[in-house]
Amino acid sequence: MTAILEVDRLSHRFGGLRVVDDLTFEVGEGEIVGLIGPNGAGKTTVLNLITGLYAPDQGDIRFEGESVAGLAPHKVTERGIARTFQTLRLFLNMSVIDNVMSAAYCRTGANLGQIILRTPAFRREEAATRLRAEELLGFFGERITGYRFTEPAYSLSYANRRRLEIARALMCSPRLLLLDEPAAGMNPSETSEVTELIGRLRDEGGYTILFIEHDMGVVADIADRVIALDHGRMIAQGSYEEVVADPSVIEAYLGRGTGITR
Amino acid sequence: MNGELKASSDRLGRDEWVAEHTGRTRRDPVAAVGAAIERVPFALRLAVIAVGFAAFPLLTDNSYVLRIVGTVALFAALALGLNLVAGFAGLLDLGYVAFYGIGGYTYAYLSSEFLGIHLPTPLTLIIVIATGVLFGWLLGLPSMRLVGDYLAIATLGFLLVFNQLTASLTRVHLPWTDGPVDMTGGPNGIINLDDLSLFGLTATSIKHYVIIIVVMLLTVMTVVHNVDRSRIGRGWRALRENDLAAETMGMPTKRLKLLAFVFGSSIAGLSGAVFAAWQGAVFPNNFAVPVLITLYSIIVLGGLGSIPGVLVGSFVLVVVPELLRDVALASTLFYGAVVLTLIVAIKPLWRAGAVILAVAALGGLARLAAPEASLPPGEGLGALVSHILILPVENATLVGNVAFVAVLGLMFLSAYLTSPTAKLLVLVPSLWLLALAWQTRLSQDPSVTRLLLIGATLVALMNFRPAGLFGRTRVEVL
């Protein structure tokens, strides 16, 4: 399996604190990789580094063989990496369909002249963008389709906002999808739906997925491979069973010398 | 799947409350008007506006009316540009009027004896727009790292510098000239500008200028409308909503901000050139902070981000101050507004009626207390009010001043009261005193009063409709 994403000896500090410390891992094409670790382990920072929100202090990030470290976030997205946020960041006062269509920016090319004159080329592109957005929203069944298209995003329920964020990320036409706690705040049936969705995204959509998740049920069900972080370092990787049985992972989550670890 | 099951699954996950969301917002009559306007096809809206404005130059020769119509259209075009920067992209640009001025002065340089240059109008306008783009870009480039209040301060500084330079660059020593050079005309401005001359026709009368300005307004409206409904318009709204998410979703936010800024400055520049040609001169005062405040009032009143709102806003802020110059009309508007506010603000309706009756009764008591006092003068609805409310007056100016201060005192008192009954009780004498102050003092001094009234209207309106007339209330989800 060829690696689509290579994180190579990546380090990042916040002041004196090493949030990511000499981290190296790969994500293969078509793989679903789960990133786990206790709170403050640096998981979201890794995603922020990959998507260009932070420039790494040291090390390199290569996507499809080319370095994306230090690129502006929109350039990274243009290369083919899209993400969702742990704390949702929707365009709340825009309609559901506009939220999704807005993310087509880097995949469309109509210039100001074409837009002002509404040339046929612009209209075709606009119609295609709308169609694609409706198609992506249709991925979630009836939940955010139909009359909901013109509703403002703030009118959606929490779970639907998470779905909308995924649809918006897909509109960037990524090859690598980064999901930051996709099941956070969801009830058990919604969680199992998210689990199924991640599988479908890979199988039907062909996306490679790197996701952060605290719900070990989701990780166990769907991750091909699990990477465990603590204090910005990788402490274990492998299948879910291997990683959760690893003494250093148990120690990171539960501490040393408790009754449970013995 | 059988029919029954299908029907019930249609409702699954669909919250009725959410489904009726649009129905709820339309219950508000002003928002209903806004929504109705949005449903009209854009071309038809343009046609209605064109006919509405064109009616004036065709039907009237009254140059006062035409000047107001032209000003409404000019301010609407200007406000559309500002609305794009501040409303769509959410950039608080306080230097906007400087670009209006740069357009005006560029036109003046290229079409007057000041430099002895008389370029053909189309070429001048192209240069004006290019200059607007250039200066917008020059100011925008370093400012795009700033957000919110910081951007506002930086751009306001630019406007102040522009105002100062246009007023004071009258004696500049350049290395290649012998004596000092007048670069801007100073407070005396640049005068005797050429008229606009397009397609072989020269604009000579105010009618021609009204038509040119309306054509410009329609063009700007079309451009803004088209850009709003495109990848760029969505990008602007996205970065206003959440800058970081927009950037992460592949939108080059810095470039989009700069584009909004430059777009706005070129619209302002074009408007400035047309204004300069119309006035036949440019002065530093034409491009100062009061214009900026009027423009912001227009877009906030109309609703940030709303195109129909800009038209209504500029109509209100240009026409109403003119109407208020006439005492009788001003009185009618004033009392009409007070009664309307009472009806809207006090529910149920009978209470509002009771308050009005109580004010009249209070007037009767005042008449009993001072049977010999003369009635204050009144015109229009004012005459009627002074008979119903019976406002006895001997020393009109003094009484008016005291009444006005007393009204302010009672309003502050009312703000600290929590019981609705107590508020209503305070309201009755406040209204009577307000009528007294209006009849004896305020209506006698329209030049001051009209500004007071506009200010009070803006305060009241923004309290009732924080999102402006046609604006959508923005929702933040925590």
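Modeller: In this predicted model, strand β1 (residues 3-14) of chain A runs antiparallel to strand β4 (residues 58-63) of chain A, and five bridges join the two. Within this pairing, A:Glu6 stands opposite A:Arg62 in β4(A). The two strands belong to an open sheet of four strands in chain A, whose order is β2-β1-β4-β5 and whose pairing is antiparallel. The edge positions are taken by β2 (17-28) and β5 (66-67) of chain A; each has a single partner strand, so one side of each is left without a neighbour in the sheet. Strands of a sheet pair through backbone hydrogen bonds, in either the parallel or the antiparallel sense.

Helix α1 (residues 43-50) of chain A lies across β1, β2 and β4 of chain A, and its direction makes an angle of about 65 degrees with β2(A). Strand β2 of chain A also holds A:Asp22, a residue that has a positive phi of about 55 degrees although it is not a glycine. Most residues other than glycine have a negative phi. A:Asp22 counts as partly exposed because it has 14 C-beta neighbours inside 10 Å.

At one end of the order, β6(A) and β7(A) pair in the parallel sense over three bridges, and A:Ile81 stands opposite A:Leu176 in β7(A).

The loop between α6 (158-171) and β7 (176-180) of chain A contains A:Ser173. This residue, A:Ser173, is not a glycine, yet it has a positive phi of about 50 degrees. With 17 C-beta neighbours inside 10 Å, A:Ser173 is classed as partly exposed.

As for the chain that carries both sheets, the secondary structure of chain A comes to ten helices and ten strands. Its C-alpha trace spans about 70 × 40 × 35 Å along the principal axes. The radius of gyration of chain A is 19 Å, which agrees with the value near 18 Å that a compact globule of 262 residues would have. Of the 262 residues in chain A, 45% are buried. Among contacts in chain A between residues at least 6 apart in sequence, 65% join residues at least 24 apart.

Chain A also meets a partner: 33 residues of chain A are in contact with 28 residues of chain B. On the side of chain A that touches chain B, the elements giving two or more residues are α2 (73-79), α3 (96-102) and α4 (112-117) of chain A. The largest share of that side, four residues, comes from α2(A). For the model, ipTM is 0.92 and pTM is 0.85.

Chain B itself has 21 helices and four strands, and its C-alpha trace spans about 85 × 80 × 45 Å along the principal axes. Buried residues account for 41% of the 478 residues in chain B. One of its helices, α5 (residues 42-59) of chain B, has 18 residues and reaches 26 Å from its first C-alpha to its last, close to the 26 Å expected at 1.5 Å a residue. B:Phe53, B:Phe56 and B:Pro57 are the buried residues of α5(B), and what covers them includes α6 (63-88) and α10 (206-228) of chain B.

Confidence in chain B should be kept in view. The mean pLDDT of chain B is 84, and 90% of its residues reach 70 or more. Among the elements of chain B, helix α7 (residues 96-110) of chain B has the highest mean pLDDT (95), whereas helix α1 (residues 3-11) of chain B has the lowest (48). Over residues 1-9 of chain B the pLDDT is below 50, and this stretch has one contact in the model beyond near neighbours in sequence. Where pLDDT is low, the predicted coordinates should not be read in detail.

Note on methods
Residues are numbered from 1 along each chain as its sequence is written. Chains are lettered from A and ligands numbered from 1 in the order in which they are written. This is a predicted model: local features need pLDDT of at least 70, side-chain atom pairs count only at pLDDT 80 or more; totals for chains, interfaces and linings use all residues. Two strands pair if DSSP finds at least two bridges between them. Two residues are in contact if their C-beta atoms, placed from the backbone, lie within 7 Å. Axes are lines fitted to C-alpha atoms, for helices over the stretch in contact, and angles run from 0 to 180 degrees between N-to-C directions. A residue is buried if 20 or more other C-beta atoms lie within 10 Å of its own, exposed if 12 or fewer, and partly exposed in between; C-beta atoms are placed from the backbone. The expected span of a helix is 1.5 Å times one less than its number of residues. pLDDT is the predictor's confidence in each residue, from 0 to 100. The radius of gyration is taken over C-alpha atoms; the globule rule is 2.2 Å times the number of residues to the power 0.38.
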